[in-house]
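The structure comes first, and the notes follow by topic.

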Amino acid sequence: MSITMRHGLVDQTEKFKKRVASQDTSNYRIAHRNELVVGFPIDEGVLGFQTKYPAGIVSPAYDVWRLKAEADCHIPYLERYLRSTQARRLYASRMQGAVARRRSLTKADFLKLEIPVPPVDDQIRIAYLLGKVERMIVLRNQHLQQLDALLNSVFLDMFGDPMRNEKGWKTGSLDSYGSFKNGLNFGKAEAGVKVRYLGVGDFKGHAKIDEMGTLSYLDLNTLPTPDYFLKDGDLVFVRSNGNRELVGRCLVIYPGSESVTYSGFCIRFRIETQMLNATYIVHMFRTPSIRRALFQGGQGANIQNINQKILAALPIPLPPIKLQSDFSEIVNRIEGLKLEYRQSLADLGSLYGVLSQRAFKGELDLSRVPLSDTAQQELPPAMYNDVEPIATTPQSIFLPETNLVHEAMENRERIKDLLEFWLEAYRSQLGSATFSAQSFMSAAQFRLSELHSDDDFALGSKEYEHIKAWVFAALADGRLLQVRNITEQVEKGGPIFGNLVELKYGART
């Protein structure tokens, strides 16, 4: 089995695995479990232990080392130390001359490093404590991904695919409902006045910006004219960037009373009608079909820029403004949850930094950590594949890995087979929980992104129809049962049944 630099190694995604799978592997090295794989210079290569497979294939460019005495060194402890801030400071102290300018570490310098090696029991305790925090960080990140998938699912359920427009909404062009303006161009040598500035880098991970303190200041000779300043509810698109993934990104901004301008690599769209909701437009531009249409309008897959004409040419579905507003309220609630998770991530990151620093300096009181608690050793973050999803599916639901995933990515017509396979797995694990098509769809979307992180395929209305057809078939043959929900339990007389119908697990008749 090939190693993709995951599970204890720096993640190089599936590309390495695919490349190895398609070539003669006779020239590749073998890395056995718990062997250290290092590519030099370190900051340009990889660093970590092969902890998942009994044996795996790595490039001959990597060194593969085995510890002389594993009994004296706990692998998860050493893994964490080699990645720690303290270790990186040690790396930096060894960098000299040309190496220092390149900010990387050579093999000779690496071999001279002195590593703190406390008693093995203390190594186990340190790895356990750090692993607990890592697990919570992984959990928070997965929750954020699931919330994004949930938003996408809700959008498609409410409005359908915007390019197919299967719900038959009236369509129009953006320039019929507002105005465009390209951003501000300026010189590097300008100085005199400072203004807040929305740049392309501010788009990463944001659908909305309402805290201007996160934006940088820009030095200009003179203040821009008023039409270069953003207003509440303005939509801003990335017009041009070397990273194709950023091109066409869209966010809504609420600067309030602050003066904020925007980059010349962006396009501002100002809504001038009551028929469009800014949040609806932002999330519509996140759908894969709209992004494909943008790139086609930009003459192909190698597009590095869009323009006002391309944006104006898109047919924009116009659902009732009440429905758009309802979606906006859902987004606000979910964004509130995401804000809490992000704050939790920041707190956990700070906690990890403090714990790591004190642990590797020998300043933690480890006597309070019984070794019995470390029996199930926490592995590095990438190893966690059992993190519970948010409460949109029963706690123990797991969608198994299958060759159908790869087949569906190669041929989108096979997505129906994959969904049916996962639906059966979902149904069989329901227990007493209620079947939810929306929860299943969110779980399936997350599982797809997890198994195929380099593919942006999004489940939409077509896939929802497959799920509905499966549900009707499962009801017909007894795999699912319709029951009335129990609203409360009374002391005498048994349960009181409500008017809602729930779908439950049923044995096939």
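I126 is in contact (heavy atoms within 4.5 Å) with Y77, P118, A359, F360 and L366, leaving aside its neighbours within four places in sequence. This is a predicted model, in which local features need pLDDT of at least 70, side-chain atom pairs count only at pLDDT 80 or more, and totals for chains, interfaces and linings use all residues. Residues are numbered from 1 along each chain as its sequence is written, and side-chain values use heavy atoms, with hydrogens and water left out.

**Residue I126**
- I126 belongs to helix α6, residues 120–159 (helices are DSSP runs of H or I, at least four residues, and strands are runs of E, at least two, numbered from the N terminus).
- With a relative accessible area of 4%, I126 is buried (under 20% relative accessible area, 1.4 Å probe, protein chains only).
- H74 is 52 residues from I126 along the chain, and their C-alpha atoms are separated by 10.0 Å.

**Second largest pocket**
- The volume of the second largest pocket is about 430 Å³ (a pocket is an open set of points on a 1 Å grid over the protein atoms alone, where a 1.4 Å probe fits, with protein on both sides within 12 Å along at least five of seven lines; lining residues have an atom within 4 Å of a point).
- Among its 15 lining residues, L36, W65, L67, L78 and I115 are the closest to the centre.
- Helices α2 (75–83) and α5 (107–111) each supply at least two lining residues.

**Residue N165**
- N165 sits in the loop between α6 and β6 (170–172).
- Its relative accessibility is 16%, so N165 counts as buried.
- Phi of N165 is near 50°, a positive value in a residue other than glycine.
- Most residues other than glycine have a negative phi.

Note on methods
Buried means under 20% relative accessible area, exposed over 50%, partly exposed in between (1.4 Å probe, protein chains only). Grid points are joined across faces, edges and corners, and a volume is the space filled by probe spheres set on the points.
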